[in-house]
Structure formats: structure tokens, C-alpha cells
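Subject: A structure for you to look at

Hi there,

Here is the structure I promised to pass on. Have a look at it first, and then read on for what turned up.

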Amino acid sequence: MKETYKTLVKNYNYKDNEYIIIKGVHDGILRAINYDYLDAEGKLTQPLNGIEMFCSRDANTVEDIIKRINDKIDFDEYIKKYNINTDDTAALARAYKRFYERNEKEKPFSMQGEERTL
């Protein structure tokens, strides 16, 4: 089966990270790919898995995938800010818990009123 894709968002930019958001015509799954992994012709420079492309069958909307992108970038910043040892799985698990508990208390993600480049 040939895999074909439709571009939904050509350039989503969050904190200097640029992504293209595409939908697989063959499977209906949305994918976000960081432009760092695309060559000048728009082809992947290396294979990526579903986690790296923020795929989810249960949360398969543009808003959902943008939330996953933002959470990943924000969590990476959180790890750096608090100097979390990513080799220590217990410390990393505690950091995940604290990060997501903090995010749940903040306002829910919404595309309306947000300043984002799409």
C-alpha cells in the first residue's frame, strides 16, 4: 500500500521549533514532523516512529497534536530548568508527575486567543 499524505498545517512554530502537520490519506492518522528531520525536498532524513511524530489514534485532531508538541517542548525546558537526570527513571517519573500536575492546574489549551504561527 502506498502511503500518501495531505498537509494540514504547513508550518507550526512553537518556541523556535517548526513542524509540519500532515494526515495520512491511507490511514487517517495525523503526524507532526519537525523540519529538522526534512530535507530541502520535504523528504525525511531518517525514519521516525509514531511517538516521534506525536501520533495518537485517540487524540487525532490538529488541536490535540499541537498540545502534544507544546507539552513535549515545555517538558524538555522543565527538565533543563530543574536539571532532572533523565537517566534516573524514578526522578524522571517524579518530574513527569509534577510537570503534568502543574499543567492541569493551568488553563486548558485553546487555539483561540493564542499567539501562534501556523
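Let me start with a question: is lysine 72 buried, partly exposed or exposed? Lysine 72 has a relative accessible area of 39%, so it counts as partly exposed. Please keep in mind that this is a predicted model.

The theme here is charge. Side chains of opposite charge can pair when their charged atoms come close. In this model there are 6 salt bridges.

Lysine 72 takes part in one of them, with the side chain of aspartate 76 as its partner, at 2.4 Å from N to O. The two residues sit 4 apart in helix α1, so about one helical turn separates them. Aspartate 76 is partly exposed too, at 35% relative accessibility.

Next, look at aspartate 27 and arginine 31, whose side chains meet in a salt bridge of 2.6 Å, N to O. In this pair the aspartate is partly exposed, with 31% relative accessibility, while arginine 31 is buried, with a relative accessible area of 9%.

Enjoy exploring!

Best wishes

Note on methods:
Residues numbered from 1 in each chain as written. Predicted model: local features only at pLDDT ≥ 70, side-chain atom pairs only at ≥ 80, totals over all residues. Heavy atoms only, no water. Salt bridge = Lys/Arg side-chain N within 4 Å of Asp/Glu carboxyl O. Buried < 20%, exposed > 50% of the residue type's maximum accessible area, 1.4 Å probe, protein only.
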